[in-house]
Amino acid sequence: MLTIAIANLKGGVGKSTTTVCLAEALALHHRKRVLILDLDPQANTSFMLLSRQGVDQADFAGRTLTNFLLDQGRNTISDYVRAGATDVNEILANKNCAVDILPSIPRVWFVEETLQEAAYKSGNDPAKQLVKMFTPHLAALREHYHLCLIDCPPGFSSLTRAGVMLANAIISPTIADPVSTRSLADFVRLGLPMLEADTKPHYVVITKYQPRNTTEPIRDLLRSTYNVLEPSIRYSTHMLEATERIRNDSFRTFRNKYSSLEADVIALAGDAERKILRPFQSVPTKR
Amino acid sequence: MAEVDLYPLVRNYLNLEFAPSLKPQRGVSLPLVAITSNAAGADAGKWSRPDLALVNLWRHKYQPSFTLDLYGFEVKPTETCDLSSVHETLAHTRLVHFSYLVWQLGEDETESRRLQLIRDNCEAYEIGLITFAKVDGLHRFKVHLNCNRRNPSPSVIDEFIETRFGSREKDRLLAWLERQ
């Protein structure tokens with residue numbers, strides 16, 4: 001199982017949207033079984049995939065990241081995973097692919113605080129403790145999933161650091177603007193070496209792209225500096241509608257969901273499959 | 001692979017594929033899986049201990065009351081599955097509503113005579129059969145036969161859950177029953 005962290009210092013650059021798009025397109029168009037770990041207390045990915053109602057149900061059933069962390073990983077992680085976490089009919093109908101999620105809820109903030117406090121008191125790094133907690137559980141799922149996408153919170157919280165440490169590769173979504181580009185540079189220059197992740201394959205996805213005289217040179221700069229997955233995802237209000245799920249019993253087709261962005265989302269997943277998944281599959285020792 | 005080493009694998013399958021398939025499309029469900037092979041019980045003999053159990057509390061959207069279904073799973077590694085495994089699985093039907101034999105298939109056994117024999121016997125006794133094997137690096141499970149629902153008395157079901165599930169699972173079940 002390949003593990004990819006979707007991470008960046010800056011918020012609002014499309015980490016959750018990229019996670020959802022990649023998961024659904026890789027599942028449907030490349031027959032992948034995908035597990036998403038939503039480590040972000042904002043829980044955007046969980047709301048996008050399960051709806052608010054679905055997240056509330058997962059919370060009440062005790063099946064969230066909060067419960068996994070509070071139980072200190074004593075039970076198997078699959079006890080907390082919500083299977084069939086998509087509203088795309090074709091994925092739900094096909095047994096050869098899947099999009100499942102360990103959902104987050106905002107209470108993760110407080111649980112993270114508690115874990116951090118306990119770890120620091122005992123002289124440990126909370127991120128390393130989280131890695132230690134997750135590692136055997138992810139190993140136990142390696143024969144169930146082709147791919148694990150970890151949606152990390154913005155910044156450098158313990159959960160973000162753990163997500164990056166757990167990953168075999170990192171994807172950083174970014175917007176082609178000066179602030180996001182500088183933040184990305186800081187993440188790559190300072191963050192990845194600090195997490196001993198600077199040797200891991202790192203890719204960039206350009207999101208919310210609006211072709212203009214000011215954005216095109218920045219996109220060119222990003223392309224010449226980083227391994228950019230193509231195509232850029234255009235800015236579109238349709239993406240907001242695509243990634244919103246009103247109810248957990250509402251379903252649609254992939255085409256209806258992504259509409260005018262469908263071809264771009266499929267092409268982006270194809271590029272990720274070629275550049276990240278395929279090379280990983282040909283290196284058996286890294287599995 | 002020893003039988004006990006297969007339990008986590010089967011547990012993951014039950015959580016990630018089998019249990020979700022039980023959810024009504026518009027209703028709600030709470031499936032909980034436990035490894036019960038070493039759990040206590042009023043009668044904890046060899047033929048009265050499914051290796052894993054799944055309790056599923058569910059309700060259709062426009063249905064006023066919940067249904068509780070209890071599933072038992074007898075896990076067998078490649079080499080140890082035979083007719084007595086079928087009989088052992090059948091014996092569990094006095095404790096659970098649905099009883100399944102879960103068998104790890106060996107190489108080239110997807111069309112074997114042994115599979116046909118086991119399948120025919122499961123069919124005759126109206127118990128479930130699930131097999132699994134590694135395909136392209138992933139374990140793929142296949143439900144060959146579903147089990148016809150049995151009707152052990154509610155007190156037997158209660159006793160099973162009370163003595164073989166952990167306090168965490170029981171608390172969740174009770175919380176759901178109280179809230180819904």
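At what angle do helix H6 (residues 126-140) of chain A and helix H7 (residues 158-166) of chain A pack, and how far apart are their axes? In this predicted model, the angle between H6(A) and H7(A) is about 45°, and the axes lie 8 Å apart. Because an angle under 35 degrees would count as roughly parallel and one of 65 to 115 as roughly perpendicular, H6(A) is therefore classed as oblique to H7(A). The crossing of these two helices is right-handed. On the H6(A) side, the contact is formed by A:Pro126, A:Ala127, A:Leu130, A:Val131, A:Phe134 and A:Leu138. These residues meet A:Ser158, A:Leu159, A:Arg161, A:Ala162, A:Met165 and A:Leu166 of H7(A). Sorted by class, the contact of H6(A) with H7(A) comprises 10 nonpolar residues, one polar residue and one charged residue.

From H1(A), the residues A:Ser16, A:Thr19 and A:Val20 take part, and they meet A:Asn44, A:Thr45, A:Met48 and A:Leu49 in H2(A). In this contact, three residues are nonpolar and four are polar, while no charged residues are present.

The nonpolar core was examined next. In soluble globular proteins, nonpolar side chains tend to be buried together. The largest nonpolar core of the model holds 129 residues. The members that touch the most other members are A:Ile4, A:Val34, A:Leu149, A:Ile150 and B:Tyr100. For A:Val34, neighbours within four places in sequence being left aside, the contacts are A:Ala23, A:Leu26, A:Ala27, A:Ala98, A:Val99, A:Tyr145, A:Leu147 and A:Leu149. One of these partners, A:Leu149, is itself listed among the core residues that touch the most other members.

Between the two chains, 16 residues of chain B are in contact with 16 residues of chain A. On the chain B side, helix H1 (3-21), strand E1 (28-35) and strand E6 (138-145) each supply at least two residues. The largest share of that side comes from H1(B), which contributes eight residues. By class, the residues of chain B that touch chain A divide into eight nonpolar, four polar and four charged.

Methods:
Residues numbered from 1 in each chain as written. Chains lettered and ligands numbered in written order. Predicted model: local features only at pLDDT ≥ 70, side-chain atom pairs only at ≥ 80, totals over all residues. Contact = placed C-beta atoms within 7 Å. Helix = DSSP H or I, 4+ residues; strand = E, 2+ residues; numbered from the N terminus. Nonpolar A, V, L, I, M, F, W, Y, C, P; charged D, E, K, R; others polar. Core = buried A, V, L, I, M, F, W, Y, C linked by C-beta atoms within 7 Å. Buried ≥ 20, exposed ≤ 12 C-beta atoms within 10 Å, placed from the backbone. Axes fitted to C-alpha atoms, helices over the stretch in contact; angles between N-to-C directions. Parallel < 35°, antiparallel > 145°, perpendicular 65-115°, else oblique. Left-handed = near helix turned anticlockwise from the far one by under 90°.
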